[in-house]
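Thanks, everyone. I have one structure to go through, and I will keep to what was computed from the coordinates. Here it is.

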Amino acid sequence: MSSTTLHAAAPELPDVLPPRKARGRVAMFAYRHPSIFVGGLLVALILASAVFAPWLGTVDPTALAPAKRLRLPSETYWFGTDMLGRDIYSRVLYGTRVSLQVGISVAFFASIIGMFIGLTSGFVRILDTVVMRVMDGLMSIPGILLAIALMALTRGSVGNVIIAITITEVPRVSRLVRGVVLSLREQPYVEAAVAAGTRVPKIIWKHILPNTLAPITVQATFICASAMITEATLSFIGAGTPPTIPSWGNIMAEGRALWQVKPFIVFFPAVFLSVTVLSVNLLGDGLRDALDPRMAKKI
Amino acid sequence: MFAYIVRRIVATIPVVAIVALFIFSLLYFAPGDPAAIIAGDQASPADVERIRASLGLDRPFVVRFAEWSWQVLHGDLGVSIFTNLPVTKMIGQRIEPTVSLMLLTLLLAISTAVPLGVLAAWKQGTWIDRLVMMIAVSGFSVPVFVVGYILAYVFALSLDWFPVQGYTPFSLSDPLPWLRNLILPAMALGLAFVALIARITRATMLEVLSQDYIRTARAKGVGQRPILFLHALKNAAVPIVTIIGIGFAGLIGGAVVTESVFAIPGVGRLVVDAILRRDYPIIQGVVLILSFVYVLVNLGVDLLYTLFDPRIRY
């Protein structure tokens, strides 16, 4: 109804604005959502470089060449070589794969598990207190410390890093989903569905779940960013991916002893990590503004 | 209000219990059998079994957890596998640099971030606002050790204004060496915290500034500065203090890494070294203590509300 009144009123507006220039759809999107556009473009670029790493002028990132160690960045070694003569450009580019794999997997698993826990405790009131106390407890252990403690128990592997970081991120998603569920349950349309005798699974599937998707998507983006930082941090202090795998944290950990004389070893992975996390955060900020205006106003 | 304070304190007990249970399980499930290690290579399975029984390791999980909790409540966190020293003593030796670093970081971060956030809210939509928000997003995105290396490279290696690494204990007679050593680590650790606080400050200030009583204050001719800092900031205090409490977790985690970058002999270095040696009692003790600190900080924050904001009644 309201849209028709708006349409009726539109022609009566004084034509003070200059006629809008015809823009392409892409330009229009970039203009409306600059963060999504810039962040998304960068993320796509980084994804592409991870996928096509073998064809982007790289050599074997683990190939040792002791004769050519610690070369400065040059035409043959774009980012130089490390103390074992490995090509840093290749290592950094392959490191993108590890970071993205960890970031995306953690975001995915933490969202799924968090969604399940959040829905359960939002609907099954007997479980709610217990589950939320456990989540409070988990959240009271600073994330990196929890991940460190978990990694200390297991062998370092990419899979274990993903599990450890996922465990630290699940409580946040659970709380978020539970909050959304509790507020949705009070909505008249959900009450109406309950009054009409709709079964709980159908209410969850048709009314609750779709409404949690937007905040979860936004949250998942931020989790991806923070997981990549945590992975690099864990590897950097020697509690992450095994040193044989070229991840950004590992390259920096190896360059650590030499950073005062050969800062470029630490510099390149650091730049890649920062730019990647920044792009994902930008994308998340943009998604939040676009998908969840209420949340955007709050932060 | 007294009832609320009591209730809030009581409510932290289950949280602390869950943290303790979780951290105890970590040691319980840790690989490696202490009895076998003590018995040595030549021991027969019967010997290992006897040592296990004498250490009480053969008893059920619940019994051992209860006993361990009892010890923790009496300030006993066990003995380091590597040095054979009590964990509490080892942590005690390393606590001063960590506390120094965190206090200085808090001081630096809050005193930069709150004015930045107020400024951004005041100049909303201008380039100043955008600049502050850009700094905030970057602050979230650049890991603390990267910031650390950049700062150390620029201000210590190139400009030689500060020492590159190391730590000098605090002394009242001459605190300058202490400050010179800690200023770069505190800046590195503080950046993400600045980003967090500045963002919340801006958002809350914007909300407060749009309220009626601010308009009234403007209408009766109150100047810009008193409006911002007296009328608005005071009412924006609660969310800002909350985020400082929540952000404290990040600060603790960041301190572990910062200490490694700047070679500060604190609790963080202790835990990093313990990881490399698989010294589980130390890992367990540090994680437990730092988690308790975090819980206590947030308890303190919650109790501060009632002082800060008389509107909050429970």
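Helix α4 of chain B, residues 61-73, has 13 residues, and at 1.5 Å a residue the helix should span 18 Å; its end C-alpha atoms are 18 Å apart, so the two agree. The expected span here is 1.5 Å times one less than the number of residues. Just after α4(B), B:Gly75 takes a positive phi of about 75°.

Before I go on, the conventions: this is a predicted model, in which local features need pLDDT of at least 70 and side-chain atom pairs count only at pLDDT 80 or more, while totals for chains, interfaces and linings use all residues. Residues are numbered from 1 along each chain as its sequence is written, and chains are lettered from A and ligands numbered from 1 in the order in which they are written.

Staying with backbone angles, most residues other than glycine have a negative phi. B:Asn84 is not a glycine and has a positive phi of about 65°. B:Asn84 sits in the loop between α4 and α5 of chain B. Buried or exposed? B:Asn84 counts as exposed, because it has 7 C-beta neighbours inside 10 Å. The cut-offs are 20 or more other C-beta atoms within 10 Å for buried, 12 or fewer for exposed, and partly exposed in between, with C-beta atoms placed from the backbone.

B:Ala263 is also a residue other than glycine with a positive phi, near 50°. Its place is the loop between α10 (224-261) and α11 of chain B. With 13 C-beta neighbours inside 10 Å, B:Ala263 is partly exposed.

On to helix packing in chain B. Helix α5 (residues 87-122) and helix α11 (residues 267-277) of chain B pack with their axes 7 Å apart, at an angle of about 130°. Axes are lines fitted to C-alpha atoms, for helices over the stretch in contact, and angles run from 0 to 180 degrees between N-to-C directions. That angle makes α5(B) oblique to α11(B), because under 35 degrees counts as roughly parallel, over 145 as roughly antiparallel, 65 to 115 as roughly perpendicular, and the rest as oblique. From α5(B), the contact uses B:Met90, B:Ile91, B:Arg94, B:Ile95 and B:Thr98; from α11(B), B:Val267, B:Gly268 and B:Leu270. Contact means that C-beta atoms, placed from the backbone, lie within 7 Å. These residues divide into five nonpolar, two polar and one charged. Nonpolar covers Ala, Val, Leu, Ile, Met, Phe, Trp, Tyr, Cys and Pro, charged covers Asp, Glu, Lys and Arg, and the others, Gly among them, are polar.

Further along, B:Phe292 is in helix α12 of chain B, residues 280-308. B:Phe292 has 17 other C-beta atoms within 10 Å and is partly exposed. B:Phe292 and B:Phe248 are 44 residues apart in sequence and 12 Å apart in space, C-alpha to C-alpha.

Chain B has 12 helices and zero strands, and chain A has 12 helices and zero strands. Of the 314 residues of chain B, 38% count as buried; of the 299 residues of chain A, 43% do. The C-alpha atoms of chain B fill a box of roughly 85 × 55 × 40 Å along the principal axes.

In chain A, helix α5 has 15 residues and reaches 21 Å from its first C-alpha to its last, close to the 21 Å expected. Which residues of α5(A) are buried? They are A:Met135, A:Gly137, A:Leu138 and A:Met139. These pack against α7 (158-185) of chain A together with α1 (2-28) of chain B.

That brings in the contact between the chains, which takes 36 residues from chain A and 41 residues from chain B. On the side of chain A that touches chain B, α11(A) gives the most, with nine residues. That side divides into 24 nonpolar, eight polar and four charged.

Last, the largest nonpolar core has 156 residues, of which A:Val106, A:Ile148, B:Ile197 and B:Val271 touch the most other members. Such a core is a set of buried Ala, Val, Leu, Ile, Met, Phe, Trp, Tyr and Cys residues joined through C-beta atoms within 7 Å.

Terms used. Contact = placed C-beta atoms within 7 Å. Helix = DSSP H or I, 4+ residues; strand = E, 2+ residues; numbered from the N terminus.
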